[in-house]
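Let's work through a few exercises together. Have a look at the model first, then try each task before reading its solution.

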Amino acid sequence: MTASVLTSCNKYLDIQPVGTVIPTSESDFRGLMTSGYTSFPAHKSYLSLRTDELLLDESSTDAARTKDIYLWNDQNPDPATTAYPYLAFYKSIFYSNQIISTIDEKLTSNANVDQIKGEAYLMRAYAHFELLNCYSEVYSTSNVGLRGVPLSTKIDLEQRFVPATIGDSYTQVLSDMEKGTALLTVDDQAKGANYRFSKRGAYAMASRLHLYRGEWKEAIETAEKALTINSRLVDLNAIGSKLPNDFESEEMIMALEKVSIPEVRSSSFISPSLLSSYSEGDLRKGRYFQKRGGDYVSLKGGENRFNVSFRNAELYLTIAECNVRLGNTAEALKYLSALKKNRFTVDAYAKETKADATLSKEQLLDAVLLERKLELALEGLRWYDLKRTTRPTITHASFGRTVTLQQNDPRYVIRYPQEAINNNPDLLK
Amino acid sequence: MNKFLIPLTFMCVQMAHAQESKELKGKVLDAVTLKPVVGATVVVESSAVAEDIGVPNQVQQSALGSLTDASGEFRLKVPGNLKYVTISYVGYQRIQVPVFQDHRTILLQPSGESLDEVIVTGYTDIKKRKNTTAYNKINVADIKQTGVASIDEMLAGQVAGLQLSNFNGGPNSAPQIRIRGTVSLNGTQDPLWVIDGLPIEGTELPNRIDKDNLNSLNNLPIAGINPDDIADITVLKDAAATSIYGARAANGVIVITTKRGKSGPAKLQVSANTFVTERPDFGKLNLMNANEKVDFELLMANRTDLNYRTGKGAVMRILDNADALDAYRSGGLAALSPDVQQSINQLRLQQTDWGKELYRQALNQQYSASISGGNDAHRYYLSSGFYDEKGATKGADLRRYSLTLNNDFNINDRFKAGINLLGSISNRRNPIQDDDAFTNPSNYMRLVNPYFTVRDQSGKYSYDPDIEGYEKDTYIPFNAIEERENTKYALTNKALKAIGYLEYTIIPQLSLRTEFGLQFDENSMERFADQESYNTRKLRAATRYYDSASKTFKYFLPTGGKIENNHNSIFQYNWKTYLKYNKTWNEKHELELMGGTELRRSKNTMVSSKGFGYNPSTLTTQNIVFPNSNYQDDQRFNPYKKGFIENSYASFYGNATYTFDRKYNVYGSIRYDGSNMFGVDPQYRFLPIWSLSGSWNVLEEEFIKGKTALSDLRVRASYGIQGNVDRNTYPFIVGNYDNSTILPGYPEGTVVVGMPANDKLRWERTQSYNAGIDLGLWKNRLNITVDYYNRTSKDLIANSALPMENGFQDVQVNWASARNQGVELTISSRQIQTEKFSWSTDFNIAHNNNKLLKVMNNPKAYAPETQEGRPINGMYVLETAGLDKDGVMQFRNQDGSVSSFEEFYGLYDPWADFLPGYTSQTSMTAADYRAKFKYKGSKDPKFVGGMTNRFRYANFDLAISAVFNLERWVSRTPTYNPAKVDRGQNYTKDLLMALQGKTALPALGSISSELNERWMAYGWMESNDPINSFNQYDIWAKKMSYVRINSIRLGYTLPAAMSKKIGANNLRVNVEGRNLFVFGANYEGYFDPETYGNYYAQPISKSFAFGLSASF
């Protein structure tokens, strides 16, 4: 009697609030994964301010928030300064952890479920990888003992987050990447869904990771795996061709990240040094940039249409670079030339290939790296390329003040944001 | 319907029986004072007479009756065969008198003084002699005020331990009510309101009132009820009194009982009042007038070092236009051309009366009428009311129509039933206000230059060139009057509360009662801003984009106005059923038992829609064409949104009272509340709330009975648990469905997790002790009640910072603890009571001491928010030590030594190496900064209370009520910031004096290192200080005490002979003045001590009322 009263009472109290859910179905888990993608930060947009690609527009109201990023003032930024993304990475990781830890008990394995779980692993790997790129030294055998980033692989509010070493951090990233890639069932995402990981995206990510770690062979292998699925490039000579970083372009692999957000766009111009690097007949200059007043602004961003994480051109350049480094200049030239064919006018292309053929190995490496700068301008990769290669001196001026990032400056490794340190004193350990 | 024809029937019956009836004449007097009892009912009960109505086998029952007049006389025609009549009046024992001949005087015995008063708990009523709890009961007739729309406002100063704060004036403000302090940090802090047994939904106000929600329109369901329809209010304070309401009652319960019909002939009661709301005294703000403002600007123009917003202000514009600034600086006014001098002097004369432009004197009205009456089988009360108030602030209005219908039926000896319907429609308006502070009229009035005119010579609105209305670097023109005329912010509420009950007496000691209550509240909010308004211009500027094709800037907001409609619909039902059992043995043991169930479900549906390009003539909007997909997710342009909140509760409860020999009372109460905590294991859904209490009626003891002047002495004590739950945290991961567009044209469904799971979440618990004494002296001419309470709240839910690596910055955890302890004293006395003259006084005072026992400081905060051992609402200040030679503030350190500004804040120039003098920074950490603050005192008053004196002389009556608030720390908003005095805005006269060096206020200065040696200090004050601590200097803080005479009411009741002439039983005229006087600490610069420090509040206005009321 009492039991039946209680049961009926509990029934009365069972209200599924509209719009609220304890994730159980396949579509709930897809929704969680999509939240993970949505949460992913636009850190690369801020990184562009640290490179030689942009000039600060002092007259912009947004300059107050971006000025200290532009000046590499990470130690004592103006309180108005936008903090570097940190929480958002771990928000995406949180969604991954939630999926990884519960999907097996709620759902039985099938192609869709495996794909979601695979994406969750890859998201966790990618978010940690990007944290490493921002907040740690470059991977090298001598650096493995240095401080990496805190690893988050389970949900437990009472755990401590002490930064792992670079070596351990990468072990975790590689393991997640491997598990995730093995689970994926989609080779290539359809247009509109191509913000998600596919096998092609997973290989592209692996290729970049190996490149940054200086593992040239593995970088080539994984890039080739991705290109086996689709190796097309946008031909800028074609009438009506899309920008290569448009999510609908034929060479887009994964269009997740906002690499040029309004706050950064409105407070900056294109630096003359970048503009002058484009040679005569390079179609990109006219397609990427536009003159406004006396300065140039970018046409590559500002809308989510131009989200980009991986695209084929980068893979071509990765293969070219790694081959040069391995001494296979002929192979490198093949890939460099394949890209240039689609980026230059016919005449200019002929001139370029002729000139490239004569280059020494060192000159060819510079040429490939220059091509990376030109091709991937303002896509947020320039900072990483500078950091992993020459770490040059960069000079930024603002409000009559000139600040220099010295050659090999320690600020190539960004300090953990103060708000993250405040909430987790273990970060200083 | 025929129930309402009773007055008619009554007349017919009288005529029908004319031949065989006789007339009864008599006079009714108070048996103790021998004064006439006015308005007593003399009635022939239906059981005593039944007449044939001409339909076979049917008998019409009806009441015959009369009321006594001003001299206590009555006349009544009764059937010849009648045996007796019944005479009754509130506060007297009802008696049956055999039918008599001639004229007779009948004495009514007062009903055992107030001992038979009952405590209305909303469940069973408890006799006062059995009381074990802390409560206050208020008769609404005693506290009624004209020109106050809602009953909550009238509670000010009436109940010991109830603190009522007005953060705002005007007809649409709602007071914040706290009973015995605050026991929750993040949960609701408002008391539970119960109307005729129905707990009301939607009565919570935001816990923190700031400028952004101060003037937003809310409709509190309480505001829909016409105070004229309320009979009495019971405030339940301690755990023993509130535990029957379970988890929702941790903040106290206010029980409202509406008026009901009484057996007797139909009684018509009408009242009409008009009241005049006075325009506030603009002079109180102490602002500079046009002449002073011109002097001020001239002084500013002379100061070459003050380089903040140098081009602002009319004087500077004149000087700049004439290129005469240098001439003025070197040679003064005399060096200027006559034209320029003339233009400047013209400003001095151009005094706009902004007090008149923005405020008004308004004539308002308030009417209500009711009919009540009935017989043994059916009693009714029907009323309607109209209330119309225009606020002192132009654009703030309230209009309410209300209708109340209460019916009670005695179906037979065993069945009783009844239904109450309370319906109302309210229309509210306030001026529109957006994020920019100057759009608030109260604030703008302080900022606007006195010489600035509303319209230019051609009659067009002139736009204030000195305000900072910018959006995307575009200056947006603003004119306060245009804004008011071209915008609309209105809220319409349609409300209906229906409560029905059915009671069945199984055996005389045992009865079953079931009550079903419904509440509907439909709130429709409209915000409209026409094209020519700052509001719309600003939004339009925000839609500017660069069109690559045409290489120009364009706007994507369609031409026209902007309209927003929000509809919020509240529905709830509450069904409770309980058994009552009463038994008395051997005349010594009295037992009352009650037990039952309650089911409650509420649903709140919110729909909001927005339209752009709105044309007020065609009432249509246009579609927005976004230039690119980025704006698609922008909430500002989201045309439609819907949301639900649904909750359900199931509760079991029971209580028992045992009384031994009328001396000792023991009361116990328990309630289990279950609610739909989504997904929570059923066993954790139920929270037990219980209490135990007892009282001792000392005077019932033989050894003291009748031996003292004491007429009442009762000692009470109670202990209980109160609780609260947080609905926003779950013990496991819960997501919300949402949408997101990562790539244009491909919207995706998402599941968003807004909170980390906390599996250690518990209910908030408050342990509550209460001890009290009720004392009556000299036949209860003097009554004194003292209560002491101690409420310790544990496991209070608050935010705790979380390492961001969790994916969240903070989590709600049960960690805080607080204690409220206090003393309450209530005295009511009837000092003088003669037939001609009487004087009585009600007085109450309460002290509450609130202390945080356990808190966690936010490590990121620069200023202390809360501190262990301090009150929840503590004030923390930086202690100053006078000005130095440059007029810069010095500070006293914790060790008593004095530091210069720069030392105190640890200022240094971080860029000294490459760009010296550009910026200043502190070497302090957040924790160092926090430690600089000193605790000053509580922002809650130390003592609150009120006093009402009532006088009656012959037919005149006078009531004066006062409210007081003692020793509350308040802080004024500094009128200026020394580093950024904006010459384009007005200030108080202090600033003119500061500029002239006549006050001890910090001197004005520049942030530029070239112009000012102390640039670091000024740069800090200007913007580098992360918390703008200039506002937290101790010089702004002050201990505020005030006494407000909130109502003086004089009434005159016409002699019976005169009111008879128009057929009335009673006719009364009254005049009333509200808020006429406030005595207290100096509150210069503000309208009222109650809203001290607040620039955004509408003034609390004075009003004068004239009213007429009559009963027939």
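**Exercise 1.** How many salt bridges are there over all chains?

*Solution.* This is a predicted model, where local features need pLDDT of at least 70, side-chain atom pairs count only at pLDDT 80 or more, and totals for chains, interfaces and linings use all residues. Residues are numbered from 1 along each chain as its sequence is written, chains are lettered from A and ligands numbered from 1 in the order in which they are written, and side-chain values use heavy atoms, leaving out hydrogens and water.

Start with the rule: a side-chain nitrogen of Lys or Arg must lie within 4 Å of a carboxyl oxygen of Asp or Glu. Applying this rule over all chains gives 88 salt bridges.

**Exercise 2.** Find the salt-bridge partner of A:Asp52, and say whether the two residues are buried or exposed.

*Solution.* Step one: the partner is A:Arg382, with N and O 3.0 Å apart. Step two: A:Asp52 sits in the loop between helix H3 (43–50) and strand S2 (54–56), and A:Arg382 in helix H17 (residues 382–388), so the bridge ties together parts of chain A that are 330 residues apart in sequence. (Helices are DSSP runs of H or I with at least four residues, strands runs of E with at least two, numbered from the N terminus.) Step three: both A:Asp52 and A:Arg382 are buried, that is, under 20% relative accessible area with a 1.4 Å probe and protein chains only; exposed would be over 50%, and partly exposed lies in between.

**Exercise 3.** Which residue forms a salt bridge with A:Arg311?

*Solution.* A:Glu251 does, with the closest N and O atoms 3.0 Å apart. A:Arg311 has 1% relative accessibility, so this residue counts as buried; A:Glu251, at 0%, is buried too.
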